[in-house]
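I opened this model to look through its cores, sheets and helix packing. My entries follow in the order I made them.

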Amino acid sequence: MFRPQLLAMLILGALQTSCVIELGPNNRDIGEPQDVITDNQKCEENEDSVKENKSTKLVMAASLALALNGCTSGDSGEGITVSGNLFTTANVMTDSDINDISAIYQSNNDPSAPQALPNIVTVQGFASATPTGAPESGDASFERFADTIDNEDYFSVSLQAGQKVVLEVVDYSGNRNGSAFSGDLDLYLFNSSLSTSEYIDASFTETDREEVTATVDGEYLVNVSAYSGISKYVLKILPPETSILNQTAEPSISSGFVTGEAIIRWKETLSTGAFSAASTGVQANGYRVQTDSSRTDTPVKASLHAPVSAQAGSVQSEMSPLAKLNPAWDKARETLLTIKALNARDDVEYAEPNFIRHALLTPNDPLYVQQYHYKSIKLPQAWDLTSGSSDVIVAVIDSGVFVDHPDLDGKLAFGYDFISDTSISRDGDGIDSNPDDPGDSPQRGASSWHGTHVTGTVSAITGNNRGGAGAGGLTRVMPLRVLGLNGEGSSYDVIQAVRYAAGLPNDSNTTPSQRADIINLSLGAASSSNAEQEVITAARNAGVIIVAAAGNSNSASPFYPASYNGVVSVSATAPDNTRAYYSNYGSRIDVAAPGGDLRFDTNGDGQNDGVISTSVDDSSGSRQESYALQQGTSMATPHVAAVAALMKAVHPTMTPAQFDNLLSAGDITDDIGDSGRDNEFGHGLINAYKAVQAADNLAGGGSITPVAVLESTPSELILGTNSSMSLTLDNINDNATDPEVTAEISEDWMSLDSSQTDSNGLGTYTLTVSRTDLLDGLYEGLIRFSPDTGNSLDVRVAIQVGDVVGAIDTSPQYVLLTDAESGEVVAETLANSDGSYTVTKVPVGSYRVIGGSDIDVDLFVCQNGETCGGYPNNISEEVIEVTESVGGIDFVVSLVSGVGASSASIQRLAPEPEISPDDSSLETREDSSGKKVGKEAY
């Protein structure tokens, strides 16, 4: 039977024997806490309402009932419950009028009463130009817009100059992603601070991404408009760039286009429209389009005339809410809608506004500023000493790699595909020399791209004006593919990959011209293997340092291969240097590294605190470069592998035993737990700077040119609502003379006092901020310290102005228990508003626990634009054995959305809802049959 895979279930299934390998834990996406209303009432099975999905042929039980207590398929297990807490990731909120009738409802389709948004946020939303018709649920009472439309969503937000607003059209018709719905959405931005005659920005392409930019500080109205069809969407308010970063230009529509006009290039082979427009005019969007010329060899200017009375298209006999609020804004939007309609004509080559374009600024390696985890382990200081070496190779034994990712260009070497089972290889053959990852799911947008993410952490290109930076600098990666369909592979294939990486005989009958220096194993399972221990020992004896993920079960139980002798076992830390809530611990832990925590944004950068790295987006049907936030010991492990690679760059002959000795002596870590070795962090948090220095000392010195290395304590200034904060600037390289340092600030609301520094500019600096004339919101700046010798150091500054709107409007979260063998949903519930949940009437058995939202009510959770997660995380959903009531099953759901995240959907079934008569969260309305639905119906 087909086994459903979520977001990361596609990466990894449960281990049934010791010869099945699971990916190391990690979360795939970006998001934040959601509040959901529920009343925990029981549901009844409704066998007559079972529907079979045409593509998966899999029936999944689920419920859209507001209050649900778990539907079961049997009489056993009466009284057994599974309970826990469901967390949602940071900075995510929900459109207040989604299609799910269980959600809190407040219309945001009137621009005079918009939904308020924080300054930096991600919104999951729903919009429709036509009624849904309840094609999947089969019952209009489950859907808010089964018989009506939700063609306009308006949001109010304070924006700073340069901030982007990005709209991802999840169900864009051109993506053919298997959704029950498809549509085309547009994005408009109006500045409430300017005069009513000024129009700001719009994006109205026929693509799955729209983007606009705030040109000045001010209060803005954001409009998501359904041009056609039905679609979920993800709306992102991104932070502005800081002024002292490197900048490049990018075009954007701005306030300069003339309303009521268009520039048209007619097709020479289809000139009927041109001649018509030059005489009586053609129709588009209900407007009469007239030109002064019928020429087809050059663009012509056209005037757009609104009819006196209502006609077809979007022109309405009654003024629209936007026209009532601001006629100039409405005229500008109608101009763009008419231009879009012109572009759909067969006789039009192109039509465009008569506008002026402005530039948008972006930094070099723009995602580097979000790689807070590098500062945690002193990577910038280590890079001052060495940029690594292309002669050092890290073997990433994983799901392969997207070999055409431009941020990995030239960084891959000697790869191989060791998946021997053609039923899971997805590339149509057995082992071969091509490690390219075709994805671990046949469904678009459902693959994990786990190996690509790990590879990017080790070796993404630095300084190429895209993505982030690789921790290993010039280090190269040997991608070895062992995990295929559903993220699974065999221990035998892993053994062959380890042998290949170490230059030992293997089933490929070949070895690389240069063996790997380090092996990264971000995969594992709870069962041990004598054969795996044997190959680990052989690889170590060949001189290879082997690092592996400790596991994500919040358990002290051994996890393999991390717990084998000769393997460096890596636990994960959260951004505050505590053990990440999911990370395994215990006597086998050797070292800790940043793994992220997607539940929070502790450093106030508007981004969930996950690890960001290279990924892939294949939702359109072809693989495109992307970047994704993930969490887990899978993400912590490549940090350690990359640091080991930097050490090998300055001491090429360093052995695994020497690395172990430096580790156990505390020479390459910071002791962040109990004094000495402890069971949470091993010998401490890896410190890249100390590690490179220790390797150089071990080599006898001389590999590193004495250069000043600046360090700020703290490494970031997160002021929140405070007005001042101090830092201490030091040269931490005792082998180098103190440099003369100058300081530069990026923003005019910042001032820096250096009166407590020495003559070289080292010592204590006090930053003071002024919030005068700043809008409410989150602001970022930089302090750049530039020495006369050595590299500069950037210190990020973050402040909050006023009371930032809280993310309180959220979507219902459904928790499902799926049978570990068949994948069928056996029991389920709707989470409470505080994230707690209890699934009742659970039969004795083995289960996976999955959670997510279904905002469009197409009976699929975990689609793009919705939340999704699994216990204990999205990469390694574990099987729980239920013989009695089980508690503490806590996990995170994340919004499935870009920077490249994607998910596999899972079908649910909607039984007859049972709604509490005192539940005020539901609006009262009539369904298609005229029956009242909601509180007043009772």
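**Entry 1: Val-547 and the cores**

I began with Val-547 and left aside its neighbours within four places in sequence; the contacts that remain are Ile-518, Ile-519, Asn-520, Leu-521, Val-567, Val-568, Val-570, Thr-637, Val-640 and Ala-641. The model is a predicted one, and I read everything below with that in mind.

I then asked which residues have the most contacts inside the largest nonpolar core. They are Leu-379, Ile-518, Val-547, Met-647, Phe-659, Ile-668 and Ile-686, in a core of 54 residues. Helix H10 (residues 633-650) supplies the largest share of this core, eleven residues. Another core, of 32 residues, lies apart from it, and I noted Phe-418, Met-478, Leu-480 and Ala-539 among its members.

**Entry 2: helix H11**

Just after H11, I found Gly-666 with a positive phi of about 80 degrees.

**Entry 3: helices H8 and H9**

I looked up how helix H8 (residues 491-501) packs on helix H9 (residues 530-541): the angle is about 10 degrees and the axes are 10 Å apart. Angles under 35 degrees count as roughly parallel, and H8 is therefore roughly parallel to H9.

**Entry 4: the five-stranded sheet**

Next I traced an open sheet of five strands, in the order S14-S15-S16-S13-S17, with antiparallel pairing. Strand S14 (282-284) and strand S17 (348-352) are the edge strands, each pairing on one side only. The twist from one strand to the next averages 35 degrees.

Strand S13 (residues 261-266) and strand S16 (residues 300-305) are antiparallel and share four bridges; Ala-262 has Ala-302 in S16 as its bridge partner. Helix H3 (residues 327-343) lies across S13, S14, strand S15 (287-291), S16 and S17, and runs at about 170 degrees to S17.

**Entry 5: strand S47**

I asked how many residues of strand S47 (residues 891-895) are buried. The count is five of five, and the strand is mostly covered. Phe-891, Val-893 and Leu-895 point one way, while Val-892 and Ser-894 point the other way.

I then looked up the pairing of S47. Strand S2 (residues 82-88) pairs with S47 in the parallel sense over three bridges, and Thr-88 stands opposite Val-893. Strand S45 (residues 867-870) pairs with S47 in the antiparallel sense over two bridges, with Ser-894 as the bridge partner of Cys-868.

**Entry 6: Gln-607**

Last, I looked at a loop residue: is Gln-607 buried or exposed? Gln-607 sits in the loop between strand S27 (591-594) and strand S28 (611-617). Its relative accessibility is 12%, and Gln-607 therefore counts as buried, the cut-off being under 20%. I also noted that Gln-607 and Val-92 are 515 residues apart in sequence, yet their C-alpha atoms are 10.0 Å apart in space.

Technical notes: Residues numbered from 1 in each chain as written. Predicted model: local features only at pLDDT ≥ 70, side-chain atom pairs only at ≥ 80, totals over all residues. Heavy atoms only, no water. Core = buried A, V, L, I, M, F, W, Y, C linked by side-chain atoms within 4.5 Å. Buried < 20%, exposed > 50% of the residue type's maximum accessible area, 1.4 Å probe, protein only. Contact = heavy atoms within 4.5 Å. Pairing = 2+ DSSP bridges. Axes fitted to C-alpha atoms, helices over the stretch in contact; angles between N-to-C directions. Parallel < 35°, antiparallel > 145°, perpendicular 65-115°, else oblique.
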